[in-house]
Amino acid sequence: MTVQELERTAARVHDDPRAPAEVVLRVNGREHRLRLDLRASLLEALREDLHLTGTKVGCDHGQCGACTVLVDGRRVLSCLTLAVMAQDGEITTIEGLAGPDGALHPMQQAFVDHDAFQCGYCTPGQILSAVACVAEGHVGSDAEIRKYMSGNLCRCAAYPNIVAAVRDAAAKMRA
């Protein structure tokens, strides 16, 4: 955003803080121009405006991790992140993780291979958090994986399989 655009947005907000503003989000390699309430969460923008429903609504309080997405490769709880805060970043959702030819990302394939999901509701957030966990270098031991994946809850308790999937995918992602 240019300084002039920011000034215009600030003036609009001063007049009416609920007035929609243009927000540009780069999601899964594509740029999207949206008119959003500046209070809209990234989760709302992804699901309601871009119809990317792989990102799940869990607790809506940042406690479960179901809404985890990546912004510039870092884990972000999209329910606690304003969409406008993600404007300058590259946002990756579960829909954008597979290859352009549709081949599953190694982490997605590992979750399938290790049966690391049961009901599947937490799976998108778990997978994106696991990708970041590997990128951050937190896969030295099962205990370390559990520690760095602890922000993502699984009500079905598939944790042993999730740890096995992260360990397996880490080796493939490094290769």
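Guide: Buried means under 20% relative accessible area, exposed means over 50%, and partly exposed covers what lies in between, with a 1.4 Å probe and protein chains only. The areas come from the Shrake-Rupley method, and for residues only the protein chains shown count as cover. This is a predicted model, in which local features need pLDDT of at least 70 and side-chain atom pairs count only at pLDDT 80 or more, while totals for chains, interfaces and linings use all residues. Residues are numbered from 1 along each chain as its sequence is written, and side-chain values use heavy atoms, with hydrogens and water left out.

Visitor: Is V23 buried, partly exposed or exposed?

Guide: V23 sits in strand β1, residues 21-27; strands (E, at least two residues) and helices (H or I, at least four) are DSSP runs numbered from the N terminus. The relative accessible area of V23 is 1%, so the class is buried.

Visitor: How far apart in space are V23 and D72, C-alpha to C-alpha?

Guide: In sequence, V23 and D72 are 49 residues apart. The spatial separation, C-alpha to C-alpha, is 17 Å.

Visitor: Which residue forms a salt bridge with E22?

Guide: A salt bridge is a side-chain nitrogen of Lys or Arg within 4 Å of a carboxyl oxygen of Asp or Glu. For E22, the closest N and O atoms of the pair are 2.8 Å apart, and the partner is R33.

Visitor: Which parts does the pair E22 and R33 tie together?

Guide: E22 is partly exposed at 36% relative accessibility, and R33 is exposed at 55%. The salt bridge between E22 and R33 has its closest N and O atoms 2.8 Å apart. The two residues are 11 apart in sequence and lie in separate strands, so the parts tied together are strand β1 and strand β2 (residues 30-36).

Visitor: How far apart are N and O in the salt bridge of D37 and R39?

Guide: D37 is partly exposed, with a relative accessible area of 26%, whereas R39 is exposed at 51%. Their side chains meet in a salt bridge with an N to O distance of 2.6 Å.

Visitor: What separates D168 and K172 along helix α6?

Guide: D168 and K172 form a salt bridge, the closest N and O atoms being 3.2 Å apart. D168 is partly exposed at 21% relative accessibility, as is K172 at 45%. The two residues are 4 apart in helix α6 (residues 159-174), so the separation is about one helical turn.

Visitor: How many disulfides does the structure hold?

Guide: A disulfide is a pair of cysteine sulfur atoms within 2.5 Å. The sulfur of C67, a buried residue at 3% relative accessibility, is 3.7 Å from its closest cysteine sulfur, in C79, and that is too far for a bond. The sulfur of C119, exposed at 58%, is likewise too far at 3.7 Å from its closest cysteine sulfur, in C156. The number of disulfides is 0.

Visitor: Which residues gather in a patch of negative charge on the surface?

Guide: Patches are made of residues with over 30% relative accessible area and no salt bridge, like charges being joined within 9 Å and nonpolar side chains (Val, Leu, Ile, Met, Phe, Trp, Tyr) within 5 Å. Asp and Glu count as negative, placed at CG of Asp or CD of Glu. One member, E44 in helix α2 (residues 42-49), is partly exposed at 35% relative accessibility. The patch consists of E44, E48, D49 and D60.

Technical notes: Accessible areas come from the Shrake-Rupley method with a 1.4 Å probe; for residues, only the protein chains shown count as cover.
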